[in-house]
Amino acid sequence: MTRRKASYRSLTSLQHDLRVCRACVEAGYPLESWPVRNERFDQHAYMYGQAPGIVEGDERRPWRGRAGKTLRRWLDLDEEEFYETFYCASVTRCYPGRPASGRGDRTPTPREQELCSFWRDWELRILRPTLIVPVGGLAIKRLLGLSGLNGCVGRTYELDGASVIPLPHPSGASGWLNAPANRELTARAAALIREELRANGRG
Ligand code: SF4
């Protein structure tokens with residue numbers, strides 16, 4: 001049974017409830033994993049992806065598959081540095097399974113996104129990150145209300161005192177990264193993130 005307190009004071013207590021959350025299953029959605037977890041809670045940067053893939057769902061750890069490797073290469077961080085630097089969250093936290101077409105992973109429904117935003121809102125309130133990196137179109141839309149990658153990748157936004165620097169999804173599933181101009185924008189965004197981390201003594 002899903003537990004949600006009226007308020008949380010620490011990420012330890014939040015994760016205690018988040019790791020057993022079944023809100024979407026209880027609402028009738030066919031999730032194929034338990035929520036992905038963080039192992040440490042002392043980061044000052046917040047990575048916000050779309051949803052775990054099959055590998056992340058199995059391991060219950062974020063960014064374990066090929067997309068995670070690409071993301072670390074863009075940011076020039078090894079695994080240890082990456083998990084030390086970023087608290088990793090996503091629009092939804094459980095592997096959503098395959099869509100009816102069988103191609104790729106199912107995009108979480110608006111209701112699932114809404115159910116899971118409870119955890120994001122509390123994480124941001126407790127962690128108060130100085131840097132937020134939304135990864136991919138859905139995460140950018142949920143966080144900044146912006147549609148599409150054009151015009152926002154390569155720029156810095158401000159949200160409640162944090163710098164927000166969007167990245168495209170490193171899986172490349174959308175094909176957006178195929179255009180050389182978009183790869184340049186991605187490199188610019190990654191440079192902005194590294195700069196921001198350095199400015200905060202973390203790069
Ligand atoms: S996706 Fe989020 S809200 Fe839905 S069951 Fe998983 S952790 Fe809970």
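What percentage of the 203 residues in the chain do buried residues make up?

## Overall build

In this predicted model, buried residues account for 39% of the 203 residues in the chain. The C-alpha trace spans about 45 × 40 × 30 Å when it is laid out along its principal axes. A compact globule with 203 residues would have a radius of gyration near 17 Å, and because the chain has 16 Å, the two values agree.

Contacts can also be sorted by how far apart the partners sit in sequence. Among those in the chain between residues at least 6 apart, 68% join residues at least 24 apart.

## Order of the elements

The chain contains 8 helices and 5 strands. Read from the N terminus on, these elements follow one another as α-α-β-α-α-α-β-α-β-α-β-β-α.

## The sheet

An open sheet of 5 strands is arranged in the order E2-E1-E3-E5-E4, and its pairing is mixed. At the edges lie strand E2 (86-90) and strand E4 (157-159), each of which pairs on one side only. From one strand to the next, the twist averages 25°.

Within this sheet, strand E1 (residues 45-49) and strand E3 (residues 131-134) run parallel and are joined by 4 bridges. Here Ala45 stands opposite Leu131 in E3.

## A helix on the sheet

Helix H7 (residues 137-144) packs on the sheet, where it touches E1, E3, E4 and strand E5 (162-164). The direction of helix H7 makes about 135° with that of E3.

Note on methods: Residues are numbered from 1 along each chain as its sequence is written. This is a predicted model: local features need pLDDT of at least 70, side-chain atom pairs count only at pLDDT 80 or more; totals for chains, interfaces and linings use all residues. Helices (H or I, at least four residues) and strands (E, at least two) are DSSP runs, numbered from the N terminus. The radius of gyration is taken over C-alpha atoms; the globule rule is 2.2 Å times the number of residues to the power 0.38. A residue is buried if 20 or more other C-beta atoms lie within 10 Å of its own, exposed if 12 or fewer, and partly exposed in between; C-beta atoms are placed from the backbone. Two residues are in contact if their C-beta atoms, placed from the backbone, lie within 7 Å. Two strands pair if DSSP finds at least two bridges between them. Axes are lines fitted to C-alpha atoms, for helices over the stretch in contact, and angles run from 0 to 180 degrees between N-to-C directions.
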